[in-house]
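Visitor: I would like to go through some of the labels used here and ask what stands behind them.
Guide: Go ahead.

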Amino acid sequence: MQVFLGDRVTLVKEDTFITGAVSGIVLDKTKQLERVYIEHIDSPIWMYQGWRFVEEAEWEREENEDEA
């Protein structure tokens with residue numbers, strides 16, 4: 001998944017979802033995504049802590065499962 005500044009994204013870790021606009025991106029030495037900053041959230045979202053991006057299709061599927 002490609003992420004750009006200003007993109008509206010949803011990240012998930014277990015039962016916690018965060019949705020917002022990307023205000024910063026930091027890569028590690030191997031040019032892999034290390035952390036993401038979301039507008040109006042002071043702390044970065046560290047990818048090594050288990051956060052992952054939710055694809056739009058996955059988000060819709062989870063919403064449908066919750067309604068059933």
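Guide: Buried means under 20% relative accessible area, exposed over 50%, and partly exposed in between, with a 1.4 Å probe and protein chains only. This is a predicted model, where local features need pLDDT of at least 70, side-chain atom pairs count only at pLDDT 80 or more, and totals for chains, interfaces and linings use all residues. Residues are numbered from 1 along each chain as its sequence is written, and side-chain values use heavy atoms, with hydrogens and water left out.

Visitor: Why is Glu34 called partly exposed?
Guide: Glu34 has a relative accessible area of 25%. That value lies between the limits of 20% and 50%, so Glu34 is partly exposed.

Visitor: Why does Arg35 count as buried?
Guide: Arg35 has 18% relative accessibility. The limit is under 20%, therefore Arg35 counts as buried.

Visitor: What makes the pair Arg35 and Glu34 a salt bridge?
Guide: A salt bridge is a side-chain nitrogen of Lys or Arg within 4 Å of a carboxyl oxygen of Asp or Glu. In Arg35 and Glu34 the closest N and O atoms are 2.3 Å apart, so the pair qualifies. The structure holds one salt bridge.

Visitor: Why is Leu5 called exposed?
Guide: Its relative accessible area is 58%. Exposed means over 50%, so the label applies to Leu5.

Visitor: How much of the chain counts as buried?
Guide: Of its 68 residues, 28% count as buried.
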